[in-house]
Amino acid sequence: MMLVCRLLIVLFLSSLASFAEAAGIQINNPARIEDVQKIVSTFGIDQGMQNAIRRDVENNNRTKPELFFDQEIYMRPFTVDAINLHTSTVLAKYISHDYAQKLLKELPKPVGKISTRLWLIEMNQNLDAARSEFNKLSPADRKAVNEFRSSPTFLSMLNALNNSKEERKEELAAWSGNEMQGRVRQARKSIAELMEISIKLGKDEVGENLKLSERIPLTGQRFFDQEARLTFEYLRANIKQNVRFSEELKALDLANVLKPANLTSHQGIENGNLVILTAENMFDDNSKRYDSLRASYTDALEKIVMSPQQRQEIIAVNKKNMEEILDLRIRRNEHLRAFLELKKQVLALCESSYGKIKVDGDTLLFDNDQDVNKYNSLAKQINIERQALLDLEKQDLEERTRTLDTFKKK
């Protein structure tokens with residue numbers, strides 16, 4: 001059982017408070033989106049909104065370290081052009097085609113350029129800076145600017161901005177959420193792929209050309225990314241360890257230790273005891289390496305900066321998973337020790353009867369019923385332990401498959 005089940009989708013929806021007020025009524029003859037895009041770009045509305053989103057992220061990082069966002073990663077989709085398109089798509093519903101056309105004709109004129117410059121100063125600095133710049137204009141220019149800004153053409157844009165505030169806020173929040181969900185899906189997909197490989201390894205369905213992803217996509221949300229990265233790296237390390245162990249075990253050829261041909265010579269019996277001893281050490285070392293990986297993973301998870309609630313959830317899930325893992329590990333080790341011990345007893349029986357045992361094809365022939373009965377009893381017990389190990393392996397694979405299915409549905 002992996003802790004991946006507790007990975008939750010963490011969404012950051014920008015509040016964009018400066019754009020959030022009452023919704024307005026859409027008009028019947030909306031402007032063309034491409035016209036509104038030019039207006040939005042000319043007045044720097046798109047740039048201003050990008051700055052607002054960035055300020056929201058900075059403020060969030062100062063006040064909520066447990067919800068820290070990597071600004072560079074988070075801001076990648078929020079380019080000025082992308083913001084312009086999303087904003088213009090909504091804004092176009094609130095300004096008429098005619099007024100948009102008129103405004104575009106006025107903006108290249110001197111009064112339009114001055115008004116735009118004052119707008120940008122007010123937006124990027126403050127109202128006082130814009131007033132100071134306005135007061136530097138000639139009386140004629142001040143009059144022209146006042147007339148332009150009180151004209152129906154300019155006021156139509158102001159009304160559109162005001163009336164579309166709520167819908168623009170919702171659009172940007174939905175966009176932000178969708179972008180984050182998309183990143184989360186990509187990160188979770190990388191984890192799911194490793195989980196699938198791990199299950200296939202347990203079923204011997206993975207060939208020699210095994211390729212593992214080196215990196216997991218980042219969302220920008222620190223808590224999620226750290227937890228996802230730790231889980232991803234843990235799974236990769238675990239898969240590599242399993243592949244290594246599987247290769248070592250195959251090279252050891254444990255399955256042939258009790259072949260009849262190997263039980264009628266001193267060399268065969270000696271080699272068999274050496275193989276079992278090596279297997280015992282290998283299983284023990286593999287178990288220690290796995291425990292070390294698990295402990296490092298758990299310790300690192302609990303060091304992530306997170307809210308008290310998140311920390312409580314992680315500790316609770318860790319405890320539950322660890323109990324299940326330990327239970328399976330204890331039962332597996334008991335059967336494994338019994339399995340190897342029984343093989344050693346067969347070797348001991350054959351060594352004690354050396355010279356009295358013959359091989360007929362794949363069958364051992366003992367010279368007395370007592371040894372035959374003892375051998376058959378040991379063979380029966382070995383098969384019972386082998387089946388118990390296979391059943392536990394099947395249970396583990398079924399549990400991991402259920403975990404993967406649950407993970408994919410989140």
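Me: Is D204 buried or exposed in this model?

Reply: The model is predicted. D204 has a relative accessibility of 62%, so D204 counts as exposed. The cut-off for exposed is over 50%. D204 is found in the loop between α10 (165-202) and α11 (222-252).

Me: What is the phi of D204?

Reply: General idea first. Most residues other than glycine have a negative phi. Now the case here. D204 is not a glycine, yet its phi is positive, about 60°.

Me: Which residue other than glycine has a positive phi near 60° and where is it found?

Reply: D253 has a phi near 60°, and D253 is not a glycine. D253 is found in the loop between α11 and α12 (266-302). D253 counts as partly exposed because its relative accessibility is 38%.

Me: What about N256, and where is it found?

Reply: N256 is found in the loop between α11 and α12. At 25% relative accessibility, N256 counts as partly exposed. N256 and G272 are 16 residues apart in sequence. In space, their C-alpha atoms are 8.5 Å apart.

Me: Next, helix packing. How are two packed helices described?

Reply: Two numbers are used: the angle between the axes and the distance between the axes. Take helix α2 (residues 45-63) and helix α4 (residues 80-91). Their axes come within 8 Å and cross at roughly 105°. That angle makes α2 roughly perpendicular to α4, because 65 to 115 degrees counts as roughly perpendicular.

Me: Which residues make the contact of α2 with α4?

Reply: From α2, the contact uses D46, Q47, M49, Q50 and I53. From α4, V80, I83, N84 and T87 take part. By class, the contact has four nonpolar, four polar and one charged residues.

Me: Now the rings. How many aromatic pairs are there?

Reply: Rings count as a pair if their centres lie within 6.5 Å. The count by this rule is ten aromatic pairs. One of the pairs is F69 with Y74. Their centres are 5.2 Å apart, with 70° between the planes. That pair is edge-to-face, as planes over 60 degrees apart count as such. F69 is buried, and Y74 is buried too.

Me: What is the geometry of the pair W119 and F154?

Reply: W119 and F154 are edge-to-face. The values are 6.2 Å centre to centre and 80° between the planes. W119 lies in helix α6 (residues 110-124) and F154 in helix α9 (residues 152-163), so the pair ties together parts that are 35 residues apart in sequence. Both W119 and F154 are buried.

Me: Which residues do ring pairs link into a cluster?

Reply: The cluster holds F43, W119, F148 and F154.

Me: Where does F407 lie, and is F407 buried or exposed?

Reply: F407 lies in helix α14 (residues 369-409). F407 is buried, with a relative accessible area of 1%.

Me: What separates the C-alpha atoms of F407 and K356?

Reply: The two residues are 51 residues apart along the chain. Their C-alpha atoms are separated by 59 Å.

Terms used: Residues are numbered from 1 along each chain as its sequence is written. This is a predicted model: local features need pLDDT of at least 70, side-chain atom pairs count only at pLDDT 80 or more; totals for chains, interfaces and linings use all residues. Side-chain values use heavy atoms; hydrogens and water are left out. Axes are lines fitted to C-alpha atoms, for helices over the stretch in contact, and angles run from 0 to 180 degrees between N-to-C directions. Helices (H or I, at least four residues) and strands (E, at least two) are DSSP runs, numbered from the N terminus. Angles under 35 degrees count as roughly parallel, over 145 as roughly antiparallel, 65 to 115 as roughly perpendicular and the rest as oblique. Contact means heavy atoms within 4.5 Å. Ala, Val, Leu, Ile, Met, Phe, Trp, Tyr, Cys and Pro count as nonpolar, Asp, Glu, Lys and Arg as charged, and the others, Gly among them, as polar. Rings of Phe, Tyr and Trp (its six-membered ring) pair if their centres lie within 6.5 Å; planes under 30 degrees apart count as stacked, over 60 as edge-to-face and the rest as tilted. Buried means under 20% relative accessible area, exposed over 50%, partly exposed in between (1.4 Å probe, protein chains only).
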